[in-house]
Amino acid sequence: MFLLAIPSVSLLADQCRPVAVVTGYWPPTNEMLRPWSEHPLQNPDGWQGDNWRGLGYDVFAYFPEFPPDGDPTNDKIGDPGSVGSPDFDFQVDYQATSRDFWRIMDAKQPRVLITTSRGGDIGWELEAVEGGHGQPTDWASDKWGQVKYPLADSVDPRTTNLLQTHANSRLESGLPLQSIARVSEAKGLAQVAIDHNTSGNYLSGFMGLHGLHFHYSEPQNVAAGHIHVGRHVKPEVARALFEVTLETVLKAHPPKCSESVTAKME
């Protein structure tokens, strides 16, 4: 007698509703991502990432906060107001960023991962490559805590591995950059550019490299990359640009639920 192997409900749910993780650092990126945070203090209006826009993905956002006034530019690099609150994710600190990144990746195992941070004068800057920053002390000091660089004994071992692996090499973005640039430019809200240099040797480049390393080392991840958001971009403008960016990426990688179920049933 032939028995049809039916996947469990939980397995089907995971395959049919993959996860997209989005991260931010300094304003306006943290303000931009609030609708996708599950944290009630960061998003009192409630999480809006459930099957976002009917595209089959649950979207989750993680970002820091900067008390007392929410503006880290009022403080010097390394001061508490610039580093951010320890009560939220991704303080502007190598050790905290490494710890939070891997905790979130382990928990969510995202199929799509978009990291963001504040940039310069260009409104929406899509980063094409990351890596090639040499030894840990070649990274700029975060000027915070006892250890101010991503030294091997201070960060997650996976961070140490990726820094060593890509010290003299670069990884290409896993996002559909040309498509994102086209839809972003069509909004007419800010200058859009694809940057063929890295995100730098500070926390932006550190986070961007983590994202691309995860993309290239984890089979389930189909898209990852970093975006710099101009420092003068208003949060509502940044959010509008991020929404079209996210929609473009998710549409480029629709969930493979039906294919996965069919394969399991054969």
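This is a predicted model: local features need pLDDT of at least 70, side-chain atom pairs count only at pLDDT 80 or more; totals for chains, interfaces and linings use all residues.
## Starting at Thr165

Thr165 counts as partly exposed because its relative accessibility is 43% (buried means under 20% relative accessible area, exposed over 50%, partly exposed in between, with a 1.4 Å probe and protein chains only). Its place is in helix α5 (helices, H or I with at least four residues, and strands, E with at least two, are DSSP runs numbered from the N terminus). The side chain of Thr165 reaches the backbone oxygen of Asn161 at 2.7 Å. That is a polar contact, meaning a pair of N or O atoms within 3.5 Å; within protein, one must be able to donate a hydrogen and the other to accept it, and residues adjacent in sequence count only if both atoms are side-chain atoms.

Residues are numbered from 1 along each chain as its sequence is written, and side-chain values use heavy atoms, with hydrogens and water left out.

The protein chain has a mean pLDDT of 91, and 91% of its residues reach 70 or more (pLDDT is the predictor's confidence in each residue, from 0 to 100). Over residues 1-13, though, pLDDT is below 50, and this stretch has nine contacts beyond near neighbours in sequence (a contact means heavy atoms within 4.5 Å). Residues 258-266 also stay under 50, with 11 contacts beyond four places in sequence.

Helix α4 covers residues 94-108: 15 residues, reaching 21 Å from first C-alpha to last, close to the 21 Å expected at 1.5 Å a residue (the expected span is 1.5 Å times one less than the number of residues). At its start, a side-chain oxygen of Asp93 comes to within 3.3 Å of the backbone nitrogen of Gln95. Just after the helix, Gln109 takes a positive phi of about 45°.

## Aromatic pairs

The count comes to 11 aromatic pairs. Rings of Phe, Tyr and Trp (its six-membered ring) pair if their centres lie within 6.5 Å; planes under 30 degrees apart count as stacked, over 60 as edge-to-face and the rest as tilted. Trp26 and Tyr202 are stacked, at 6.0 Å centre to centre and 20° between the planes. Trp26 sits in the loop between β1 and α2, and Tyr202 in the loop between β7 (192-195) and α7, so their pair ties together parts 176 residues apart in sequence. Trp26 counts as buried, at 8% relative accessibility.

Tyr94 and Phe206 pair edge-to-face, at 4.9 Å and 80°. Here the link runs from helix α4 to helix α7, with the two residues 112 apart. Tyr94 is buried at 0% relative accessible area, and Phe206 is buried too, at 1%. Ring pairs also link Tyr25, Trp26, Phe90 and Tyr202 into a cluster.

Phe90 has a positive phi of about 60° although it is not a glycine. This residue is found in the loop between α3 and α4 and is buried, with a relative accessible area of 1%. Asn51 also has a positive phi, about 45°, in the loop between α2 and β2.

There are cis peptide bonds to look at as well. One runs from Pro27 to Pro28, with omega near 10°, and Pro28 lies in the loop between β1 and α2. Another joins Pro67 and Pro68, with omega about 10°; Pro68 lies in the loop between β2 and α3 (80-83).
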